[in-house]
Amino acid sequence: MTARDPHPLNLLREEARHADPRAVQRDLNARPLPTLEPGPWSAGAEEALRDCIGMERKIQMEMRIGLEGHLDGLPLRRTAPLADMTLPDLLAEHAEGRRMLLRVLDRLLTVGATHDIRAWTMGEEVPPAVYILALRGRLARLDGYINEERVTS
């Protein structure tokens, strides 16, 4: 009989005991956006960007739900339907959306330092210190998905 692998959320809870959420946030803020780097894109780039932008919009909503009652001064960014956007529009939308996502994350960490709030990830509500670690992995996977659509010579 083999032991079951630990649930990924349990691994993140353990990591959160020793991690500095603000250091993780600084790393996320410093990460270059794959959509801002110059270069050609594959034919599937538009669809990949639509998928990633949609996921990042969902991530923002997870955090906003957790921040209920603490959203003062945090604007709700109007978004346009992704289906109608061209590649240049999608590239700009991704950059603007990521900036807003990081802004909402900052609010989540700030409010979470003084209030018992939770955000939804991996099927459970978790405190901000665990959420940001899950978010780090999610954004890395989304960035990787976008980078796969780069045309290399």
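Trainee: What should I know before reading the values?
Mentor: The model is predicted, so local features need pLDDT of at least 70, side-chain atom pairs count only at pLDDT 80 or more, and totals for chains, interfaces and linings use all residues. Residues are numbered from 1 along each chain as its sequence is written, and side-chain values use heavy atoms, without hydrogens and water.

Trainee: At what angle do helix 2 and helix 5 pack?
Mentor: Helix 2 (residues 21-30) and helix 5 (residues 128-147) pack at about 25°, with axes 9 Å apart. Helices here are DSSP runs (H or I, at least four residues), numbered from the N terminus. Axes are lines fitted to C-alpha atoms over the stretch in contact, and angles run from 0 to 180 degrees between N-to-C directions.

Trainee: Are they roughly parallel or antiparallel?
Mentor: Helix 2 and helix 5 are therefore roughly parallel; angles under 35 degrees count as roughly parallel, and over 145 as roughly antiparallel.

Trainee: And how do helix 4 and helix 5 cross?
Mentor: Their axes come within 11 Å and cross at roughly 170°. Helix 4 and helix 5 are therefore roughly antiparallel.

Trainee: Switching topic, where is Leu87?
Mentor: Leu87 is in helix 4 (residues 87-112).

Trainee: Which residues is Leu87 in contact with?
Mentor: Leaving aside neighbours within four places in sequence, Leu87 is in contact (heavy atoms within 4.5 Å) with Trp41, Ala45, Glu46 and Leu49.

Trainee: How far apart are Leu87 and Glu14?
Mentor: Leu87 and Glu14 are 73 residues apart in sequence and 40 Å apart in space, C-alpha to C-alpha.

Notes:
Helices (H or I, at least four residues) and strands (E, at least two) are DSSP runs, numbered from the N terminus. Angles under 35 degrees count as roughly parallel, over 145 as roughly antiparallel, 65 to 115 as roughly perpendicular and the rest as oblique.
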